[in-house]
Amino acid sequence: MGKRIGRIRIAIQAGWALLTNGYLAGFISGKIYTGKLKSVCVPGLNCYSCPGGLGSCPIGSLQAVLGSAKYKFSFYLFGFFMVVGTLLGRFVCGFLCPFGLIQELLYKIPFVKKIKTFRGDRTLRFLKYVILLVFVIILPLFAVDAAGTGSPWFCKWICPAGTLEGGLPLVSTNSMLQSLVGFLFQWKMGILIVTILLSIMIYRPFCKYICPLGAIYALFNKISIYRYRVDRQKCTHCKKCEKNCPMNISPVSETNHPECVRCGKCKGACPEEAISSGFCSHRKKKDMLYENGITVKARNSDRNI
Amino acid sequence: MQIGLLALGVLCVLFGIYREEVSTVLTKAIYICLECIGIG
């Protein structure tokens, strides 16, 4: 069952990546899509300077609006994150992010010793919130030039997705851009190479420690409509789900944890089929009891709450 | 609560469209972002 879930998920990830990067002519011509679809954001981290990109990166867009002289708050992006986050939480990371897919494929490459966790792993995961706050919000808002315009600091100095999806295909096919390559490109290439190497050793290192978009969706994981549930009547506490969780969380005691990317590996690993997922907004008390592990079964009086 | 958040989110998106934030997003997205690709 686990392998079947994995195959379906990879197919969805690949299909979504192709669908949202379907401007294939761009890869040949070294140009990007310039249609009106670009005013719509895609849910995952997908550079809008990727030659195939049909939509906009929400993190790049947020920096563009906050860094513009005209706006100091983005209702469009704030609302977008609220809608997508409330509906899906980090399901986006597990299913709808092309850069997440790339990291997962890299992790499939055999390596002498895969690093499941290390000292400081959990603490380091807070780094993505700091990056969100500093590089995506504060610096674009306040580090502005004379015209009142800020830079997209995260995209410029950190994002390896932009280098991989936009930088490499555009620079390799556009001679004018090749003539402009300098220190920044080398810096970003360095970050990309480190990310690739780490992705072979560690499961989704960028998602765990760096991604500001994952940080935003993580805030919604506990309350999103798409959620995981654990049936404690079926659970035997064998901990197979925990051992199989690539994000190193316990699906039983930490159901819908901010780090859960809803990959479904815990569901596939559970011999009792005690873990399920789906959309539910009004199952209310019964499911909450299961999720929080307070009781094994909802009381009759709870059913009408 | 989820329905309330969804409704608030949709209202925010609509208000963002009304005050033309979308054109800022579009303008940024239809030109190659030199910072994003590492040119500067």
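How far apart do the C-alpha centres of domain 1 of chain A and domain 2 of chain A lie? Hello everyone, let's start there. The answer is 29 Å.

Before we go on, this is a predicted model, where local features need pLDDT of at least 70 and side-chain atom pairs count only at pLDDT 80 or more, while totals for chains, interfaces and linings use all residues. Residues are numbered from 1 along each chain as its sequence is written, and chains are lettered from A and ligands numbered from 1 in the order in which they are written.

Now, the domains. Domain 1 of chain A covers 2-218 and domain 2 covers 227-303, with bounds from an automatic or database domain assignment. Between them, 15 residues of domain 1 are in contact with 13 residues of domain 2 (in contact means C-beta atoms, placed from the backbone, within 7 Å). On the domain 1 side, helix H1 (2-20) and helix H5 (91-95) of chain A each give two or more residues (helices are DSSP runs of H or I, at least four residues, numbered from the N terminus). H1(A) has the largest share, 4 residues.

Next, the neighbouring chain. Here 46 residues of chain A are in contact with 30 residues of chain B. Several helices of chain A supply at least two residues each to that side, among them H3 (58-66), H10 (160-173) and H12 (183-201). Which helix gives the most? That is H4(A), with 8 residues.

How values were computed:
Contact = placed C-beta atoms within 7 Å.
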